[in-house]
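Here is a short briefing on one protein model. Please look over the sequence and the structure first.

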Amino acid sequence: MNVHERAPNCEPAAELTLERKLSRMPVRSGTLGPEVIEVGKLYRDTGCFTYDPGFTSTANCTSRITYIDGDEGVLLYRGYPIDQLAERSTFLEVCYLLLNGELPTTGQLDEFRGTINRHNMLHEQVTRFFTGFRRDAHPMAVMVGTVGALSAFYHDSTDINDPAQRAMASNRMIAKMPTIAAMAYKYSIGHPFIYPRNDLDFAANFMQMCFAIPCEPYKIDPILTRALDRIFILHADHEQNASTSTVRLAGSSGANPFACIASGIACLWGPAHGGANEAALNMLMEIGSVDRIPEYIKKAKDKSSGFRLMGFGHRVYKNYDPRAKVMQKTCHEVLNALGIKHDPVLEVAMELERIALQDEYFIDKKLYPNIDFYSGITLRALGFPMSMFTVLFAIARTVGWVAQWNEMIEDPEQRIGRPRQLYLGPAERNFVPMDQRS
Ligand code: SDX
């Protein structure tokens, strides 16, 4: 393959010659990050597909929402660095930014907050869904089922070709996810559902729906609710990660928005993705004490063990995940606010990080803590059970999913996603009657 030198006034292109078949592929540049080689005509020109399991070198869309520089540990939401947003913004402000491309004015934010508040309740019949689940059902199973079922209730926001209906569905999803999540938690502990309160901000409202009980007032702790709001900001979007790509692929078929978000929740549940926060805390608790860390480091370096340090490593970040730094700081803030002077799990986490970051295996493979490494310790301190950790991730990521879903539908280049394959199965053969089979 030759990539043409930058001839003046000539569109940059890459040429690939395969058995005398030439394919000339345009090279496109973005605002930031790697250029792309458009391979869409490769099959027509050469009869060959590209092959890239896991899409390690494949861009499947253009996007203006989030940018990650994995080598530098940079994450930008619409150009704004994640650490600035985490410190100086609020989750609803970030929702507006991700959906609309610009930070809101005071008036725009007030209007958006009013819209979200008007949609945070659920159709009362949705509450009956919960009685169909066992009390010990994993809340992510409840989320997948209930969110998917919303398309049976909100028919006035399922026409994906109507921008107004897309906006309504997007706002409904952002507003209702915390309510459904809190109901899943309350159902699991046999408590009555607590309705949303529109006098509270997004995070405080979620915490009161989870932890308030009807027989006494719920005391809001602003330090804790601010920490949770910041955690939502950190999890809001992250380019074309597995669950966002799932939402885009489901959306490319024209599926309704609630079904698409349900598919994203299902994908996020995996321990290699959003389920890693629950898996990471389980791992830290299994390690139990700093003197057992070397044993687990050894296992993580042994491929045959099948064990990985959960909360470590990332497909894109080959440097420290900038969100993990903010999460670690938030973890300390929450523990201090709660008067927890000594958390043995945090002690294990910090020592594990210290040892791993000095170990050549992790250095060579550029494995650093990711957002999930400290989030579990923080969420547990806030009072959430481990089974709710990925649910909280889904609450936050809903705005990223709907922003990317809208962008995909509005993108004239987008069409139904339909990857090809390298076929390794049997060549054509004739049917064998039962009495001739061995
Ligand atoms: C999230 O994509 C996103 O943006 C996701 C996310 C988001 O906000 O949406 O950031 C959220 O999902 C964070 C990641 C959470 N998952 C985990 O913490 C699970 C543990 N991490 C790994 O399973 C892994 O690091 C992944 C899944 C995160 C990344 O997998 P890749 O990019 O496919 O990397 P890989 O599996 O090819 O690993 C590269 C090498 C391998 O060794 P070699 O085959 O090259 O010899 O690094 C090793 C792996 O064995 N490795 C690890 C490791 N992660 C990778 N070894 C030990 N412990 C680990 N955690």
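Which residue takes a positive phi just after H3? Gly101 does, at about 95°. This is a predicted model: local features need pLDDT of at least 70, side-chain atom pairs count only at pLDDT 80 or more, and totals for chains, interfaces and linings use all residues. Residues are numbered from 1 along each chain as its sequence is written, and side-chain values use heavy atoms, with hydrogens and water left out.

**Overall build**

- The protein has 18 helices and seven strands. Helices (H or I, at least four residues) and strands (E, at least two) are DSSP runs, numbered from the N terminus.
- The radius of gyration is 24 Å, close to the 22 Å that the globule rule gives for 438 residues, so the protein is as compact as a globular protein of that length. That radius is taken over C-alpha atoms, and the globule rule is 2.2 Å times the number of residues to the power 0.38.
- The C-alpha trace spans about 80 × 70 × 60 Å along its principal axes.
- Of the 438 residues, 47% count as buried. Buried means under 20% relative accessible area, exposed over 50%, and partly exposed in between (1.4 Å probe, protein chains only).
- Take the contacts with a separation of 6 or more: residues 24 or more positions apart account for 69% of them. Contact means heavy atoms within 4.5 Å.

**Surface and charge**

- The protein exposes about 22300 Å², and carbon and sulfur atoms supply 53% of that area. The areas come from the Shrake-Rupley method with a 1.4 Å probe; for residues, only the protein chains shown count as cover.
- There are 46 positive and 50 negative side chains. Lys and Arg count as positive and Asp and Glu as negative, while His and the chain ends are not counted.
- The centres of the two charge sets lie 4 Å apart. Each charge is placed at NZ of Lys, CZ of Arg, CG of Asp or CD of Glu.

**H3 and Gly101**

- H3 is mostly covered, with eight of its ten residues buried. Among them are Phe91, Cys95, Tyr96 and Leu98.
- Gly101 sits in the loop between helix H3 (91–100) and helix H4 (106–118).
- Is Gly101 buried or exposed? Gly101 counts as buried because its relative accessibility is 15%.
- Beyond its neighbours within four places in sequence, Gly101 is in contact with Arg78 and Tyr96.
- Arg64 is 37 residues from Gly101 in sequence, yet their C-alpha atoms are 8.1 Å apart.

**The E5-E6-E7 sheet**

- Three strands form an open sheet in the order E5-E6-E7, with antiparallel pairing. Strand E5 (66–69) and strand E7 (80–81) are the edges, each pairing on one side only.
- Two strands pair if DSSP finds at least two bridges between them.
- Four bridges join E5 to strand E6 (residues 74–77). Across this pair, Ile68 stands opposite Leu75, and Thr66 stands opposite Tyr77.
- The E5 and E6 hairpin has four residues between its strands. In that turn, Gly73 has a positive phi of about 65°.
- Two bridges join E6 to E7. Tyr80 in E7 is the bridge partner of Tyr77.
- The hairpin of E6 and E7 has two residues between the strands, and Arg78 takes a positive phi near 50° there. Arg78 is also in contact with Gly101.
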